[in-house]
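Please look at the sequence and the three-dimensional structure shown here before reading on.

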Amino acid sequence: MNFRKLGASDIEVSEISLGSWLTYAGGVGREQAEACVQAAFDVGINFIDTANVYGRGAAESLLGEVLAGRERSSYVLATKLFFPMSDTDRGLSAAQIHKQIDASLERLRTDYVDLYQCHRYDERTPLEETMTALTEVVRAGKARHIGFSEWPVERVEQSLALPGVERWVSSQPQYSMLWRAPEAELIPLCEREGISQIVWSPLAQGVLTGKYLPGEPPPADSRATSESMGGFIGRLMEPRVLEAVQRLRPLAESAGLTMVQLALAWVLRQRNVASAIVGATRPEQVHANASASGIVLSEETLAAIDETLGVVVR
């Protein structure tokens, strides 16, 4: 496993990280989750990402149980806030930031998180209030650093101009061979400001594994057929997208790679990406994902990917 520095911080994270969005919020049981976390440590993954809203605290609680007893300095732990935790608890007000960090720490059974992230931007709260509260959380020792996810670029720029507040070390956007929107403005801004990307859905909800075949029902045990995990796969299941993904298979084979390795290596070709967050329901998936670390794609392969995917890229 290779490691990369997280922004301007002193933290080094594994190129492949373990996410818990749909899987550990109810998609899989405790025994499976524990096996996946163990597999992650076995292959050298040190970075685990979660959020308070995943299962309304269920993912954090499960990780708190599974990680209990491990040396806290042996892993990098990230969580987030913003989305509703109740009818009255949501957003990035100072009161919510202080309330939610304490609740997350209790569920995670730890005194601090390495990275505390704003899951989205809060238009209802003044930016200065949010940044001041996040700064207080860091200075109280409850978080080492702060990050944001899917913020408008102009809001990121405004936050960076505020004096006396903590600076971001990470951005968490959706990014994959099929979704390249961050390349236009977000990544160039973050490169200039010492902010790393930790990207979600680098396998496009599993579509880039090639397991979904055009014109055929999805596999019975796949995310697309799961009531708890299949709600976000949407347009990725369109026939033209699935057909384009299948055309990637000979490219992967000619490079001596699996489809998973090809997709994750593509994301990691971008030096501003510190880590690719990948979910897993089985230990074998953790091993398959981790095997992409350190792979460098040739210019010919990169060009062929662009040509193959063509108009389905967004």
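Glu 150 is partly exposed, with a relative accessible area of 32%; the term covers values between buried, which means under 20% relative accessible area, and exposed, which means over 50%, with a 1.4 Å probe and protein chains only. The model is predicted, and local features need pLDDT of at least 70 while side-chain atom pairs count only at pLDDT 80 or more, whereas totals for chains, interfaces and linings use all residues. Residues are numbered from 1 along each chain as its sequence is written, and side-chain values use heavy atoms, with hydrogens and water left out.

Glu 150 lies in the loop between strand 7 and helix 6. Helices (H or I, at least four residues) and strands (E, at least two) are DSSP runs, numbered from the N terminus. The phi of Glu 150 is near 60 degrees, a positive value in a residue other than glycine. Most residues other than glycine have a negative phi. Gln 205 also has a positive phi near 60 degrees, and this residue too is not a glycine. Gln 205 is located in the loop between strand 9 and helix 8 (239-246). Is Gln 205 buried or exposed? Gln 205 is buried, with a relative accessible area of 7%.

The structure holds 8 aromatic pairs. Rings of Phe, Tyr and Trp (its six-membered ring) pair if their centres lie within 6.5 Å; planes under 30 degrees apart count as stacked, over 60 as edge-to-face and the rest as tilted. The ring centres of Tyr 121 and Trp 151 are 4.8 Å apart and the ring planes stand at 85 degrees, so this pair is edge-to-face. Tyr 121 lies in the loop between strand 6 (113-118) and helix 5 (127-139), and Trp 151 in the loop between strand 7 (143-148) and helix 6 (153-160), so the pair ties together parts that are 30 residues apart in sequence. Tyr 121 is buried, with a relative accessible area of 12%, and Trp 151 is buried as well, at 5%.

A further pair involves Trp 151 and Trp 168: their ring centres are 5.0 Å apart and their planes are at 75 degrees, so the pair is edge-to-face. Trp 168 is buried, with a relative accessible area of 3%. Ring pairs link Tyr 121, Phe 148, Trp 151 and Trp 168 into a cluster.

Attention now turns to helix 7. In helix 7 (residues 186-193), Leu 186, Ile 187, Leu 189 and Cys 190 are buried. Seen down the axis, these residues fall within an arc of 160 degrees, so they line one face of helix 7; the arc is that of the directions from the helix axis to the C-beta atoms. The buried residues of helix 7 are covered by elements including strand 7, helix 6, strand 8 and strand 9 (196-200). Gly 194 follows helix 7 and has a positive phi, near 70 degrees.

What lines the largest cavity? Its lining consists of Ile 16, Ser 17, Leu 18, Ile 45, Val 278, Ala 280, Val 286 and Asn 289. Strand 3 and helix 11 are the elements that give two or more residues to this lining, and strand 3 provides the largest share, 3 residues. On a 1 Å grid over the protein atoms alone, a cavity is a set of points where a 1.4 Å probe fits but cannot get out, and lining residues have an atom within 4 Å of a point. The structure holds 1 cavity of 30 Å³ or more, and about 30 Å³ of space lies in the largest cavity. Grid points are joined across faces, edges and corners, and a volume is the space filled by probe spheres set on the points.

Key:
On a 1 Å grid over the protein atoms alone, a cavity is a set of points where a 1.4 Å probe fits but cannot get out, and a pocket is an open set with protein on both sides within 12 Å along at least five of seven lines; lining residues have an atom within 4 Å of a point. Contact means heavy atoms within 4.5 Å.
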